Amino acid sequence: MSRSRAPSSSSPALPDFVPQLATLAKDPPTGDDWLHEQKLDGYRIGCRVDDGKVRLFSRAGLDWTAKFPGIREAAQRLPVEQALLDGEAAAVLPSGLTSFQALQNSFRGDASVPVIYFAFDLLFWNGRDVGGQPLHQRKALLKRLLDANGGNVIRYSDHVVGDGAAFLRAGCRMGMEGIVSKRQDQAYTPGRNSGWLKIKCIKRQELVIGGFTDPEGSRRGIGALLVGYYDDDKRLVFAGRVGTGFTEQVTLDLRRQLDALERQQPTFVAGPLSGLPKKGLHWTKPTLVCEVAFAEWTGDGSLRHPSFQGLRLDKKPTDVVREVPG
């Protein structure tokens with residue numbers, strides 16, 4: 001497939017991927033100033049194309065090209081000399097929903113569920129820095145690029161305009177994680193701000209693993225993870241035990257990783273510490289981050305009915321805070 005015209009020597013340089021992040025909100029915004037997209041359950045990835053060479057970057061700026069060979073190969077076929085796309089790499093179930101656990105399984109060699117790159121923004125295109133243009137213009141350029149490509153691994157992430165509440169209700173009925181609402185008229189602004197909002201059907205967030213308990217009965221690996229978050233004073237606050245959502249293989253893999261991080265001194269310095277078990281307790285360095293689904297926060301700051309969703313390899317532990325809807 002032919003590529004678009006190469007940029008001139010006076011064109012601006014292709015930038016690094018520094019993502020704009022969404023702020024948690026309780027309800028979707030109203031009005032046609034906002035567009036609404038499905039919240040995908042995967043890894044945020046910046047796709048950087050430069051003269052046929054493709055590099056894929058995580059939210060934290062790590063080079064993850066080797067983790068997604070199918071996406072890299074598909075991006076090499078895009079009809080463009082230079083581009084910087086923003087999107088989500090996600091495993092798509094037969095139902096059409098995305099699954100973070102299935103994506104984790106794909107890293108272990110499970111190819112039963114396809115991994116797709118859903119592109120929802122375009123920041124650079126053939127020597128043109130388009131990040132300063134309004135979102136609706138950037139999405140129109142992105143759709144034009146992907147329509148010309150005609151591939152299946154890289155897909156355009158569509159949206160609806162207005163009535164975000166109805167879109168959220170429909171998405172929750174379908175089993176989606178939630179939606180992301182974005183101001184149509186704004187430029188791309190790296191960092192977390194109110195121009196992008198995330199509204200969830202179920203409560204989920206990243207938490208730091210600070211320890212684990214021994215398994216009981218016929219269970220192997222670990223019994224439960226001890227998780228927490230950093231407060232404004234940079235203290236690691238205990239948030240509870242996560243003992244469901246694991247396969248046996250996952251518990252064994254976690255035990256191997258956590259054994260290498262074990263330490264003697266307690267990891268958490270605040271929170272509902274009375275909820276810590278008395279026996280079979282192991283402290284670990286706060287190095288690993290996991291994603292947890294849960295029903296609600298209790299009055300004492302514990303997670304109610306938490307369930308493990310997978311490790312978050314794209315998140316720094318010190319960036320993990322308790323998310324509160326604005």
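**View 1. Helix 5 of the predicted model, from its first residue to its last.** Helix 5, residues 248-259, has 12 residues and reaches 16 Å from its first C-alpha to its last, close to the 16 Å expected at 1.5 Å a residue, where the expected span is 1.5 Å times one less than the number of residues. Helices (H or I, at least four residues) and strands (E, at least two) are DSSP runs, numbered from the N terminus. The buried residues of this helix, including Val-250, Leu-254 and Leu-258, have under 20% relative accessible area (1.4 Å probe, protein chains only; exposed is over 50%, partly exposed in between). Their cover includes strand 12 (203-213) and strand 20 (307-311), with contact meaning heavy atoms within 4.5 Å.

View 2. Strand 1 pairs with strand 11 (residues 191-200) in the parallel sense over 5 bridges, and Thr-23 has Leu-197 of strand 11 as its bridge partner.

**View 3. Pro-15 and its contacts.** Pro-15 lies in the segment before strand 1 and, at 27% relative accessibility, counts as partly exposed. Leaving aside residues up to four places away in sequence, Pro-15 touches Arg-48, Leu-84 and Phe-124.

Residues are numbered from 1 along each chain as its sequence is written, and side-chain values use heavy atoms, without hydrogens and water. In this predicted model, local features need pLDDT of at least 70 and side-chain atom pairs count only at pLDDT 80 or more, while totals for chains, interfaces and linings use all residues.

Technical notes:
Two strands pair if DSSP finds at least two bridges between them.
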